[in-house]
Amino acid sequence: MQKKKYYLLLISMIMIQGVVNACSSEEVKVRPSAVAGTFYPGDADTLRAMVESFYEKESSMKKEDEVQAVIVPHAGYVFSGRIAAKAFACIRPDAAYKRIFLLGPSHHVAFDGASVNNQCNAYMTPLGMVPVDKEMCDVLIKKDSVFTYVPEAHVKEHCLEVQLPLLQLHLNTLPSIVPIIVGTVDLAKLKSIARALQPYFTSENLFVISSDFSHYPSYEDANKVDKMTGNAIRKSSLQAFIHALAVNSSTDVPGLVTSACGQGPIAVLLSMLEQQKDLQVRHIGYCNSGDTRYGDRDRVVGYHAFSVVRNPLRKEENMEEAFRLTENEKKQLLQIARKSIENLLAGKDDEPYDSTKATLALQRHCGAFVTLHVDGKLRGCIGNLVGFHPLYKVVSNMARAAAFDDPRFRPVTAKEMGRIDIEISVLSPLRQIHSIDDLQLGRHGIYIRKGEHSGTFLPQVAEETGWSKEEFLGHCARDKAGLSWTGWKDADLYVYEAVVFGEQK
């Protein structure tokens with residue numbers, strides 16, 4: 001009897017230990033807060049009040065239509081929290097990002113590469129859990145040997161964690177994160193990291209680059225050093241940034257240990273920026289620890305905030321060259337358009353494209369129209385003049401809109417798909433004209449705007465109708481913009497060019 005009790009007790013202990021181990025295994029998947037209570041308040045209510053006070057002070061900050069990246073500091077909130085909030089405040093709270101890539105430097109362990117945390121399902125803060133995109137983490141590690149997983153790089157690291165409460169209390173919907181700690185300053189490896197991340201450096205994702213700037217010079221010297229570093233970053237030039245770091249280092253500034261602790265992650269961002277000329281860096285704010293009541297002015301740390309935004313109306317020196325598409329790229333866009341319509345007809349939620357395989361031309365933010373014909377007759381036409389999304393996404397959205405949302409036609413049916421021909425017009429940026437002498441029929445589309453009235457004709461309309469300039473403008477003003485026949489004469493006129501291609505061309 002005694003032996004039976006012993007065995008039952010032993011079995012119970014084994015079962016309990018199994019449950020504990022199972023729970024521990026599950027807990028390991030959540031990365032707990034490492035610096036709550038030190039770098040920022042550990043109490044949720046106190047933390048919320050502090051962060052909300054930051055954003056209240058930045059309530060007048062202009063919200064950009066599209067922010068693709070920010071550079072933000074990662075010191076304790078009492079030192080740099082407000083500067084970090086200034087950068088995040090320029091993002092629209094309703095911005096719908098697919099994921100957030102978090103890049104920061106390693107403060108606790110040295111290693112030669114980038115560590116991606118693919119071992120955790122989520123990061124914990126006092127405000128709750130933030131999910132990790134483990135699938136994307138795995139993709140990066142498999143993609144290039146420069147990526148690995150170094151546990152010690154993430155356990156106590158603060159540079160990524162401190163950004164999370166600021167994001168949690170600003171974005172209406174917080175997507176999953178991709179936590180990356182950069183441990184190298186080797187330029188070749190940093191460029192490898194940039195090349196691997198480049199396909200994801202699109203408007204679908206937000207890149208958060210975590211870095212403080214000058215470490216431990218005097219207040220006056222910090223302002224000088226950080227100004228040079230900041231001006232280099234504004235140029236979106238990796239070479240200018242490297243040069244600024246070298247100059248700062250060679251001037252023997254007393255106490256200066258580094259010009260930017262996150263120089264590696266910043267170099268990765270600048271390397272990606274050099275591949276996308278339609279992005280611009282904007283300086284949001286600066287201060288150093290000597291500007292706060294908690295810091296002295298003999299030994300300070302500098303804090304910059306930058307945003308990286310897209311300028312969709314950026315003028316290109318060579319318009320024709322800038323909007324050239326290869327035959328393969330045209331074919332891909334036509335396939336995306338058709339697949340977008342077919343998926344919706346079939347009730348599928350699948351994306352009709354793989355954004356990671358999009359060429360730089362297909363990632364460019366351009367306006368586009370998609371036109372549908374059945375037996376040579378118009379069956380739908382919808383488009384955007386200005387591209388606030390990558391071209392492949394604009395084409396996908398406009399194809400669905402042309403098929404199902406053009407108010408002039410009933411929705412397209414599955415039976416019609418075999419008879420539908422698709423035509424795509426990729427548009428250049430708008431250019432205002434002040435004389436119709438600057439309008440070239442057959443080459444230029446026209447956009448007429450007066451008050452709340454606006455309308456457009458694509459370039460090919462003039463060729464299809466044989467209209468004169470006055471007829472082209474008159475029909476657009478009356479039939480599209482809702483003005484009188486001569487309403488174009490005192491309206492704002494804009495022209496644009498289009499690369500037009502279709503399935504039957």
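Asp252 sits in the loop between H9 and H10, where helices (H or I, at least four residues) and strands (E, at least two) are DSSP runs numbered from the N terminus. The phi of Asp252 is near 55°, a positive value in a residue other than glycine. Most residues other than glycine have a negative phi. Asp252 is exposed, with a relative accessible area of 64%; buried means under 20% relative accessible area, exposed over 50%, and partly exposed in between, with a 1.4 Å probe and protein chains only.

The model is predicted: local features need pLDDT of at least 70, side-chain atom pairs count only at pLDDT 80 or more, and totals for chains, interfaces and linings use all residues. Residues are numbered from 1 along each chain as its sequence is written, and side-chain values use heavy atoms, with hydrogens and water left out.

A positive phi in a residue other than glycine also occurs at Tyr216, near 75°. Tyr216 belongs to the loop between strand E9 (205–210) and H8. With a relative accessible area of 29%, Tyr216 is partly exposed.

Axes are lines fitted to C-alpha atoms, for helices over the stretch in contact, and angles run from 0 to 180 degrees between N-to-C directions. From H8, Val225, Met228, Thr229, Ala232 and Ile233 make the contact with Ala240, Phe241, Ala244, Val247 and Asn248 of H9, contact meaning heavy atoms within 4.5 Å. The residues of this contact of H8 with H9 comprise 8 nonpolar, 2 polar and no charged. Here Ala, Val, Leu, Ile, Met, Phe, Trp, Tyr, Cys and Pro count as nonpolar, Asp, Glu, Lys and Arg as charged, and the others, Gly among them, as polar.

H10 has a packing partner in H7. Helix H7 (residues 187–197) and helix H10 (residues 263–273) pack at about 55°, their axes 8 Å apart, which makes H7 oblique to H10. Leu190, Lys191, Ile193, Ala194 and Leu197 in H7 meet Gly264, Ala267, Val268, Ser271 and Met272 in H10. By class, the residues of the contact of H7 with H10 are 7 nonpolar, 2 polar and 1 charged.

Another pair is helix H12 (residues 327–345) and helix H14 (residues 391–404), whose axes come within 8 Å and cross at roughly 50°. H12 and H14 are therefore oblique to each other. The residues that meet include Leu333, Ile336 and Ala337 in H12 and Leu391, Tyr392 and Val395 in H14. The contact of H12 with H14 has 12 nonpolar, 2 polar and 1 charged residues.

Ala89 lies in helix H3 (residues 77–89) and is buried, with a relative accessible area of 2%. Leaving aside neighbours within four places in sequence, Ala89 is in contact with Tyr55, Glu58, Met61, Lys63 and His170. Of these, Lys63 is 26 residues from Ala89 in sequence and 7.1 Å away in space, C-alpha to C-alpha.

A search of the whole structure finds 0 disulfides, a disulfide being a pair of cysteine sulfur atoms within 2.5 Å. For Cys261, the nearest cysteine sulfur, that of Cys159, is 7.8 Å away. The sulfur of Cys381 is 12 Å from the closest cysteine sulfur, in Cys476, which is too far for a bond. Cys381 is buried, at a relative accessible area of 19%.

Methods: Angles under 35 degrees count as roughly parallel, over 145 as roughly antiparallel, 65 to 115 as roughly perpendicular and the rest as oblique.
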